[in-house]
Amino acid sequence: MHYVLRRLGFYLIAAWASLTLNFVIPRLAPGDPASAMFARFEGRIQPEAMAALRAVFGFTDAPWHVQYLTYLKHLMSGELGLSYAYYPSSVSEVIGTGLVWTVGLAGFAVIFSFALGSLLGVLAAWNRGGWLDSVVAPALAFLGAFPYFWLAMLALYLFGFGLGWFPLRHAYSHDVEPGWTLTFAADVARHAVLPAASIVVATLGSWMLSMRNTMVATLGTDTLRLAHAKGLPPRQVMLRYAARNALLPNVTGFGMALGFVLSGSLLTEIVFSYPGTGYLLILAVRNQDYPLMQGLFLVITLAVLAANFAVDLLCLWLDPRTRAHA
Amino acid sequence: MRDSIRRLFRHRKAAVGGSILLFFLVLALIGPWLVMDPSDLVGRPHQPPSGAHLFGTNGQGQDVLAQTVVGARETLAVGFAVGALVTLVGALIGVTAGYLGRRVDDALSLTTNVFLVIPGLPLAIVLGAYLPSGPLRMVAVLTVAGWAWNARVFRAEALSLRNRDFVAAAAVAGESRARIVARELLPNMASLLGSSFIGNTLYAVGAQVGLEFLGLGDVGSVTWGTNLYWAGNDAALLTRSWWIFVPTGVCIALVGFSLTLLSSAIDELTNPALKAPPAVAAITPVTSAAQAEPQPPGVVLSVRELCIDYATERGPSRVVDTVSFDIAPGEVFGLAGESGSGKSTIGYGLLRLLPPAARISQGRILFDGTDVTALDEEALRAFRWAKVSMVFQSAMSALNPVLTLGEQFHDTLAAHGRTTRAASYARARELLAMVGLSPELVRAWPHQLSGGMRQRVGIALALALEPKLVVMDEPTTALDVVVQKELLQRVLELKARLGFAVLFITHDLPLLLALSDRVGVLQGGKLVEVDTAARLRTDARHPYTRLLLSSFPHLNADDATGPTSNVSLAAPERPPALAALSGGHR
């Protein structure tokens, strides 16, 4: 329990740090940040609405610590201001719709890629020097050197525009009614194939390589030597003794790489006009929609923190030694 | 240092990665003078590759080849600048935290970890949106978003170096902290600095291209990222103009791949375990008359002219050289020799547990009439543990840390015949009690046990299938004297009760003489003398045996009367005379 509380405390601090960054960054900008931030709203909304919007970001005439408190107070009530690009929707509404798609797409692709990559890494290390180790691993490493979004462009070009196997953009067709129906689910799945596949292809190699390397190190340990000496069946040695132990550092690494991988998948969304947070992010950038941009930064950061906490819990479940200190 | 750089060049991955990178560096330097101005509108937009425009034209009607070549310059310049800056910032913060420790470390580590979990791209976007445009903005944004990982790596390295002797010596000599960091710590991190710089450059190129693709770079400049930004904006996909985005993407991937190759080459050079072991040469075994003889009665194990070779970079090296000995049922046979004499290799060889680089090149191992060297995979698996089991020197780390003891007993029992989990656990309780542990430990994990307890578990595990021979490889070396004594007493009691034979391997000759019926002395892979313990004590013939005996200070006849004699069990420090002996080291 102690361990869980300590990790939770850490993520609270990290969350507070990102809230504070969100407050500080606009104030670092040269000139008058508030007017830069809200310039595009001028003439579009009522002066009172403008004052309210400024208050959300703490841009009042009060001293900075009062501004900071005002900002925190608005945040606590979930108030992220108005989106310029989606005016008159509020930022929280806009992000809410995008988050579902991102969590669905990136969540699935990243977990699938990690699981498959780890399995390939286990097999590559077990049959060291085999075709998986000497052909597939370098090939995937080469693919991993391409930017995610570039692979997405290529996939879209080949399988979308070229062969016409998959839809070109969006998360579902406009002539399909959203709802809990099989038709809708199939349509969503068809739209997700290319973006998900490009994320998987871009990340698979790195998971495979890191699992392979920890596996190789594990295979040289006395734990493995004892397992072989005991005459255990090879498959059991590979999975229950080697892979199970090699998995632990990789799960930790998975947690740390999450933010990075998520960043890549946000860019992938843009290529497919997939209506997730990544697509919103570029809309915010192109429209200079600062409230939306900052709201997205916050929400994405909090989501990554939550995912990291989940990974910590997973480690706890996987490793009795961590549990002992918990 | 110069040597490690030379090795780097000889490394295949490093050579390929280095050449690709060099090509792009030269391209970035002189390429822009060789091609036309990338911003010139040279023809119709979206023209496919032709003689006039090798890579075609883009959506604006500009030459794609020129755009790609010129784009290399700023992309690589920013990439390397950010790579260096991130390395520098990370190293400074990490080393400061790791070396100063305490409060400074707490504060810096917390900051580092917070920045590590905050996703980089959204942070970079928000930062980038507020800063004035230009290449400096890119450098600043990427450094802020990317320094944390490096700081973490360098902190860990500084922590491990801080406790090393040479740093302590410098501190004792009164050198200032700043001087220790600059003169002692940083030079020892040269390879880490190198691989971090490469890794950070890789990050910088990728992140820069991503941000520029989003339109957060200077869209007026020509870089690989802005090329892709314009490709997206000018509907390269819609117009089926693959030539607009493919060359740039391939260049980015090649640069990225070359950096990956370089960093993986550095990893392999600093961590040899990752490198594939040298191939073992095929040998045609010669069966001599002595090897072909059937096993004599009254002997459980016969080792006949056993040779074990290790493959090395310079060809095979013989570690065990024509070793022959027999072990009778219930006998304790001791194998003595200093480190590198091949004694553990013989132990592993009996179970054919040699590492991939080693192989039995000659000789036979006969156990109860079966030739162990001729067993196939499945027969070997059945043979292991059921006939010959083993207690490792490192039983502490040999148990699987993620399984309870009961599970590890169950796996062992189940691998050699069908058994239920309940039956296995009952047997495990019995075995644990037999070695003097609480049966309730079946539910415990290895980390909950002390070193001595784990070694007992190792013995209990070795007896699980009632083998006829137990190989004990320095089973007590890592334990303190009292625990060592108790444990050996227990082994001898169990041996008397269960009747298994023991092959006891250690460098501690006095201990062996006290414990064994017969002892073999190994020097440089050769068995130089085999005799009964009683005779060896007083009447050793080989000079090496005599040297070994004389180098243990307190040995006299009185100490060697019983198996648990205090003096003989207290392994003294190995004197330098032993290590200096020729032929002992390999």
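This is a predicted model: local features need pLDDT of at least 70, side-chain atom pairs count only at pLDDT 80 or more; totals for chains, interfaces and linings use all residues.
Trainee: What does the secondary structure of chain A come to?
Mentor: Chain A has 13 helices and 0 strands. Its C-alpha atoms occupy a box of roughly 80 × 55 × 40 Å along the principal axes.

Trainee: And how many of the residues in chain A are buried?
Mentor: Of the 326 residues in chain A, 52% are buried. The accessible surface of the chain is about 14100 Å², and carbon and sulfur atoms contribute 69% of that area.

Trainee: Turning to the rings, how many aromatic pairs are there over all chains?
Mentor: The count is 27. In one of these pairs, the ring centres of F114(A) and W207(A) are 5.3 Å apart and the planes stand at 90°, so the arrangement is edge-to-face.

Trainee: Which parts of the chain does that pair link?
Mentor: It links distant parts: F114(A) belongs to helix α5 and W207(A) to helix α8, 93 residues apart.

Trainee: Is F114(A) buried or exposed?
Mentor: F114(A) is buried, at 12% relative accessibility. W207(A) is also buried, at 8%.

Trainee: What about F142(A) and F146(A)?
Mentor: Their planes are at 80° and their centres 5.4 Å apart, so this pair is edge-to-face. F142(A) is partly exposed at 27% relative accessibility, whereas F146(A) is buried at 7%.

Trainee: Which residues form one aromatic cluster with them?
Mentor: The cluster also holds W150(A), Y157(A), F245(B) and F257(B).

Trainee: One last topic: where does R225(A) lie?
Mentor: R225(A) is over the face of Y348(B), 3.6 Å from the ring centre. Within chain B, R73(B) lies over the face of W33(B), at 5.1 Å from the ring centre.

Methods
Residues are numbered from 1 along each chain as its sequence is written. Chains are lettered from A and ligands numbered from 1 in the order in which they are written. Side-chain values use heavy atoms; hydrogens and water are left out. Helices (H or I, at least four residues) and strands (E, at least two) are DSSP runs, numbered from the N terminus. Buried means under 20% relative accessible area, exposed over 50%, partly exposed in between (1.4 Å probe, protein chains only). Accessible areas come from the Shrake-Rupley method with a 1.4 Å probe; for residues, only the protein chains shown count as cover. Rings of Phe, Tyr and Trp (its six-membered ring) pair if their centres lie within 6.5 Å; planes under 30 degrees apart count as stacked, over 60 as edge-to-face and the rest as tilted. A charge sits over a ring if NZ of Lys or CZ of Arg is within 6 Å of the ring centre and within 35 degrees of the ring normal.
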